[in-house]
Every structure is written in structure tokens, then in C-alpha cells.
Amino acid sequence: MNENAVEGRNAVIEAFRAGKTVDRLYVQDGLRDGPIQTILREARKCDTRVELVSKERLNQMSDTGRHQGVIAMVASYSYAEVEDILKRAREKHELPFLFLLDGIEDPYNLGAIIRTANQAGAHGVIIGKNRAVGLTASVARTSAGALNYTPVAKVTNLSRTMEELKKEGLWFVCADMGGETMYDLKLTGAIGLVIGNEGKGVSELVKKHCDFTASIPMRGEIDSLNASVAAGILAYEIVRQRMGKG
């Protein structure tokens, strides 16, 4: 299963009441008894995503076989707020540089992107709540310690967050093979770099909120890059331009 899994009704209730961040809650479809209702109330209070699944699915997910109809996926690290990320930029007297991740599902990709964000001097990473991996232990390990220094915020609606950030003066560039070559774009100022899902790319709704789309020149026989590799290449073009090079 996963080292971030909490199984059993009492354990899940205690996880919520202890203030732990539950990224996702799996509940056996059809269960409606008192303890399950209590868990669902706690999940609603915390805006936790709930998935109703079959008992067979829970059995497959369970390490102990004693899940009692509920398994919670608990984050290994606490999430920051978007305002915390903007405050970090202000404290450094720098224009904000953010990574926004639209549906990254692979924990190793997320960890690698957080590591790149740290090395590139980004002030933080924003991830969506739905259809995306959270801050699991695998993410923490892959980030190689970057999670201790780079805040990660989780938001319910990435597009709405982008609208709010535009009011703060940010503009957004997303990675897309059909975009303009990154070397031809001015990637300076208060900027958010948007990286999409490993298979589907940036969703159409999020893409509509981007000011530019940037493509990475390809010289090989294949036409795509791993999400974390693409993030690294574009991030360092932003770094180069912010440094006033070339």
C-alpha cells in the first residue's frame, strides 16, 4: 500500500482531529453508520477529497486487512498557504517566481519538480487538490530535502488561484508542444510556470488562464519530455532571463 495510509475508523478520526492533512479519503460505498458519518463530517470540514470505492478495492489497498471500510492518505508534510509563498518573495525583495502543477500524478515527478523549484530559486509550488498526488513520503524522499525549504500550497481550484494571483501582478506561462519556442518569449517579471499532467498536459481550462505557451525545441526522434525534465528546462530559461543573461 503506502506508508502514508491510515486504516480503521478510530485511527482515521484521530488523524483528522489531530490536525493532520488528509489528502484523500477512501470510503467503502454503501456504508452509512455513525462512525463513517463522523469521518465524512470531518472530511467536509477539511475539504478533503472523498472517493467511494468497493470493499474489494479497499482490501487491495490495505496492508493490515483491518480497514473497517475506510482508508485515509495523510500528507507527510504540512501544506503552506498561497499567501505564505507571496510573503516569501516579498521578504527576499524579489518578484514572485512560482511553479503551478496541473494534475501531476507521479510522486517521483512531483518530488523532482519541488527539488528543481528550490534549486531555481522559486518561492514556492502550488498544486491542485483533484487528480494529483499529494505530499507523500515518496515525494519527500525524491525532493532530497527541498520540501524543508520550498513551501507547497494545495488549492481546490487552480484556475481561480491563477485569477487571484493575476491581481497580484503575476502572469503565467505553460509548457505545451504547440506553443512558441521558449527562447522567443520574454520570461521575466512576476511569473508562474505551469506544468501539466504527465500524459494529458495542461488542461484546457488552466491553459485559458495562461498568458503564453512555451515549447521546448526538440531535436530527437521522440516528441515529448518527462514532466519534471520539462519543468527543469523551462525553469532555467526563466532563471537565465531573470538574471539578464542573453
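Predicted model: local features only at pLDDT ≥ 70, side-chain atom pairs only at ≥ 80, totals over all residues.
## Overall form

The protein contains 9 helices and 10 strands. Its radius of gyration is 19 Å, close to the 18 Å given by the globule rule for 246 residues, so the protein is as compact as a globular protein of that length. Along the principal axes, the C-alpha atoms occupy a box of roughly 65 × 45 × 30 Å.

Of the 246 residues, 51% are buried. The accessible surface amounts to about 12,300 Å², and carbon and sulfur atoms account for 46% of this area. Where contacts join residues at least 6 apart in sequence, 80% of them link residues at least 24 apart.

## The sheet

Strands of a sheet pair through backbone hydrogen bonds, in either a parallel or an antiparallel manner. In this model, 6 strands form an open sheet with parallel pairing, in the order β7-β6-β5-β9-β8-β10. Its edges are β7 (152-155) and β10 (212-215), each of which pairs on one side only. On average, neighbouring strands of the sheet are turned by 30 degrees against each other, with direction ignored.

Helix α5 (residues 107-119) lies across β5 (97-102), β6 and β7, and runs at about 170 degrees to β5. Helix α7 (residues 158-167) also packs on the sheet, where it touches β5, β6, β7, β8 (171-181) and β9 (191-196). The direction of α7 makes about 160 degrees with that of β5.

Conventions: Residues numbered from 1 in each chain as written. Heavy atoms only, no water. Pairing = 2+ DSSP bridges. Helix = DSSP H or I, 4+ residues; strand = E, 2+ residues; numbered from the N terminus. Axes fitted to C-alpha atoms, helices over the stretch in contact; angles between N-to-C directions. Contact = heavy atoms within 4.5 Å. Rg over C-alpha atoms; globule rule 2.2 N^0.38 Å. Buried < 20%, exposed > 50% of the residue type's maximum accessible area, 1.4 Å probe, protein only. Areas by Shrake-Rupley, 256 points an atom, 1.4 Å probe, with all protein chains shown as cover.
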